[in-house]
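Thanks for coming. I have one structure to go through this morning, so please look at the screen.

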Amino acid sequence: MAGKTLYDKLWDDHVVRQEDDGTALIYIDRQLLHEVTSPQAFEGLRLANRQPWRVDANLATPDHNVPTTSLEGGVDGIEDPISRIQVQTLNSNTREFGITEYGMGDVRQGIVHVVGPESGATLPGMTVVCGDSHTSTHGALGALAHGIGTSEVEHVLATQCLIQKKMKNMLVRVDGQLQPGVGPKDVVLAIIGAIGTAGGTGYALEFGGQVMRDMSIEGRMTVCNMAIEAGARAGLVACDDRTIEYVKGRPFAPTGDNWEAAVAYWSNLKSDEDAVFDKVVELDGSRIQPQVTWGTSPEMVGSVHDRVPDPALEADPVKSAGISRALEYMGLPPNMAIQDIQVDYVFIGSCTNSRIEDLRAAAQVLKGRKVAASVEQALAVPGSGLVKQQAEAEGLDQIFIEAGFEWRNPGCSMCLAMNADRLPAKKHCASTSNRNFEGRQGAGGRTHLVSPQMAAAAAVAGHFVDVRDLVEVVQ
Amino acid sequence: MSLTLFTQLKAIVAPLDRANVDTDAIIPKQFLKSIKRTGFGPNLFDEWRYLDVGEPGEDCAGRPINPDFVLNQSRYQGAKILLARENFGCGSSREHAPWALKDYGFDVVIAPSFADIFFNNCFKNGILPIVLPEALVDSLFKQVMAQAGYQLDVDLTAQTITLADGTQICFEVDAFRRHCLLNGLDDIGLTLVHQDAIKKYEAKRREQAPWLFSTQ
């Protein structure tokens, strides 16, 4: 019999009940909650007079709507009344049902996908869900994690389970060694460029190979975070010594005998040598260049040295029309050099790239440099209060501020512009976030997805530039 | 929440001719601030449908509409079936997307492929997502655009679609999901029937992995 993949193992360990038709009842170890996709789920519980199955399996924090400017006045200080009600509703729901919440003003508050791993609420081997598609992030720890809709949030609250059908197994192997100045964000954008925005649909997507083994846990989170942009609900990386080192000592991490038992269990959280995948894609990591998206889907991406494509050269009529529409929205002529695209806004943040390592990488580029005069606004938004604290202890905030960035409080911010941080129409933004969809960062806004280093370099140059041409990068 | 769906529906088809339609396009972020499940219909495809930027709570009746957008064309008024291209519903997991489609009046979405989370969310809200081969979807686009008032007849019980010319197409739908849709079943109630199995799993798991049950 062939060996098991990591996904097979995680799945098998969580089956409560297998039905004949292929569906199964799967146990959920951890649910993370935020203010946008949970109110209707709590309302559903109340209407049906149900209680949460296991209160301690849930952890909540507001992130999408929270202001990143002043936190004075806390929740009541949120200017937008509709945003305020949503955050207040999370507070009242968690209070009513006894769920732990890291609320506004708590240093542990932040973007839910930063908070989960950082607090140890996400552990290897867990099943983790959240009403947010970027829950795939948590797979970086060897957990089975994916986004769900609000009906399923309610289902997990009430039953601690989900009705699921097993996905297929896919492996993306990135071998070789990354060039200096090329990071996890470039790796995942290159993967999406190679397999397409629906390339992983229906699969649990495991990232393997030398590049992934050499990558930090924060970097693996960046890669898994964008598995969903390749269509895969769940991204996965095998648990190894780096993972265990990362988890150790975190508030929710096991201690004493439990720690020893957990480490023994976690050491098996990798695909067997003879595991069979339904699909395998291989990339040579040493050939990956710094990436920049030019269109309105994450698959519309290329090297910073490329040119924007010409729809006339695309044979497939649906694809050609898609390229034309994207270029029109982005205000870019066919064949334009990506390095000639002027940048008006810079956003460093989001659940993809707001961890301490991301801020360090950007600060390294910005140190002793200034944001170009043509850049209208440059934001640095740490992923959590604890990330912010750490960055400030290292003096990174001063580097950002001296370069001309605004140093903000944690939240989702301009990744999706549900709070006041919005990209104006027709403005080009070098953004470390995950989606370049039409209107994502603000109605009519033009998003270019890049790594933190590349966003910092674009801020300094005022247009896209290979970060290696700007600064000698130490890997 | 589950909703009872139609068993059979004959309705006008609206063609949305672009691939990779994401849930940000289906319902933009500012409308996600609502704490309700209803009222999203007027803001479905807001950025494509209107020429201004919509805000939550705003009355859409007086807003300038984009005459080029398909749903604003008179021939597609009253459409209950949306014909779409590949990877429909990609991006964010927001269930507000199917809520908006349903609230607008769509009961069926036909596409060559759907994003996983959106596909799943549809069933929870009485929307039937139908996957058909790309060539067939392509042919349906041509037929719909060629003939004003073009209708399809979708039968969930028989799992067939009858075209305007009488041709019948079969479609696949997961047996459990079909059963839930046809009977308007409550998923949570169904799962709670197995609460003993859940408790048994928890007891076993607590022995195998006790750290998963210890609180901070």
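This is a predicted model: local features need pLDDT of at least 70, side-chain atom pairs count only at pLDDT 80 or more; totals for chains, interfaces and linings use all residues.

Chain A is assigned two domains: domain 1 covers 1-289 and domain 2 covers 291-470. Their centres, taken over C-alpha atoms, are 24 Å apart. Domain 1 of chain A puts 48 residues into the contact, and domain 2 of chain A puts in 47 residues. Together they bury about 3,600 Å², with 56% of that on carbon and sulfur atoms.

What about polar terms? There is one salt bridge across this interface, and the count of residue pairs in polar contact is 28. On the domain 1 side, helices H3, H4, H6 and H8 of chain A each supply at least two residues. H6(A) gives the most, with six residues.

Next, the strands. E18 (428-431) and E19 (446-449) of chain A run parallel, joined by four bridges. His428(A) sits opposite Arg446(A). In E19(A), Arg446(A) and His448(A) point one way, Thr447(A) and Leu449(A) the other, and all are buried.

Last, helix H3 of chain B, residues 96-104. Which of its residues are buried? His96(B), Ala97(B), Pro98(B), Trp99(B), Ala100(B) and Leu101(B) are. Their cover comes from both chains, and includes H2 and H5 of chain A as well as H1, E2, E3 and H4 of chain B. Just after H3(B), Gly105(B) has a positive phi of about 130°.

That's it from me.

Methods: Residues are numbered from 1 along each chain as its sequence is written. Chains are lettered from A and ligands numbered from 1 in the order in which they are written. Side-chain values use heavy atoms; hydrogens and water are left out. Buried means under 20% relative accessible area, exposed over 50%, partly exposed in between (1.4 Å probe, protein chains only). Contact means heavy atoms within 4.5 Å. Two strands pair if DSSP finds at least two bridges between them. Domain bounds come from an automatic or database domain assignment. Buried area is the accessible area (1.4 Å probe) that two parts lose on being put together, summed over both. A salt bridge is a side-chain nitrogen of Lys or Arg within 4 Å of a carboxyl oxygen of Asp or Glu. A polar contact is a pair of N or O atoms within 3.5 Å; within protein, one must be able to donate a hydrogen and the other to accept it, and residues adjacent in sequence count only if both atoms are side-chain atoms.
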